[in-house]
Amino acid sequence: MFDANVDKYRVPYDGTFRINAAPTDVSGEHPDNLRKRLKHEVRQIATAQKRLYADNRYAVLLVFQAMDAAGKDSTIRAALSGLDPAWCHVSAFKKPSNTELEHDFLWRTTCALPKRGRIGIFNRSHYEEVLVVRVNPGLLRYQRLPDSEPNEEFWAERLRSIAAHERHLAANGTVILKFFLNVSRKEQTRRFLDRLETPSKQWKFSTGDLDEAEHWSAYMQAYADALNATSKPWAPWYAIPADDKPYMRYRVAKTIATTLASLDTRYPEPDANDKADYPLHRARLQGWLDEF
């Protein structure tokens, strides 16, 4: 039987997550069925977004992290296709600008946080600082830190800073969901080859992606450390199997829809005095209609 439990791939809060044991391909479900399930969840998300905006008490932050070719862009497009763009914003974090490098490592993502009533989507995020930068510690020299010796305590302190930052956000009304799209190295290699062999996808191919893929083991260790240190009840990580794209998109959408539905959002009730005037307003509007 198909398992729709949204906690199935939630990273434990006790630091026991083992990335080598996390599945990357588990579906077995027919793609057409998954697409139907996805459409249902997309509608649920769209409905919940309206209540979120009207209620105006919560902000929602969706964080997507993955190895190259895991499908971050397409998953964001598919799972969140029903959102009203006026009430959400996608931020993609790549190479930091000179201005961003003049600030602490959390500054640039903090500037992009969603307002109350909105949904913010981070395509990559503050976690790049404990993933890409950890695997390529030479990048730290651009941050001109007073003490940037990248030993284990340095990275542990960055993870503590991230966890504290997210707890602060959650305490002030930001609902945080974080998705690690867990693609296998074999599937990543297939997708790189597909990019090379498909003319419409060749623009996506980058030699730099292959260079980073050479550090697969280092990245897996960095991801494992980050997820174990920062998966918390107020900011959970979900390690979503990513080898089957239709399944991955459905699981992401299902998790978002379920979380939004669990919030106590509601449409504001009109003031009693305002409602008492409704008959007058109806009569006034009806008078206008009668003139047409």
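## Pockets and a helix pair

The largest pocket is lined by 44 residues, with Asp68, Lys72, Lys94, Arg124 and Asp209 nearest its centre. This is a predicted model, where local features need pLDDT of at least 70, side-chain atom pairs count only at pLDDT 80 or more, and totals for chains, interfaces and linings use all residues. Residues are numbered from 1 along each chain as its sequence is written, and side-chain values use heavy atoms, leaving out hydrogens and water.

A pocket here is an open set of points on a 1 Å grid, where a 1.4 Å probe fits, with protein on both sides within 12 Å along at least five of seven lines; lining residues have an atom within 4 Å of a point.

| Pocket | Volume |
|---|---|
| Largest | about 1300 Å³ |

In the largest pocket, α7 (185–197) gives the most to the lining, with five residues. The second largest pocket has 14 lining residues, and Val175, Leu177, Pro233, Thr259 and Ser262 lie nearest its centre. The elements giving two or more residues to that lining are β4 (174–182) and α10.

Now to the helix pair. Helix α2 (residues 72–79) packs against helix α10 (residues 245–262) at an angle of about 55°, with the axes 9 Å apart. Ser74, Thr75, Ala78 and Ala79 in α2 meet Met248, Arg249, Val252 and Ala253 in α10, where contact means heavy atoms within 4.5 Å.

Key. Axes fitted to C-alpha atoms, helices over the stretch in contact; angles between N-to-C directions. Helix = DSSP H or I, 4+ residues; strand = E, 2+ residues; numbered from the N terminus. Points joined across faces, edges and corners; volume = space filled by probe spheres on them.
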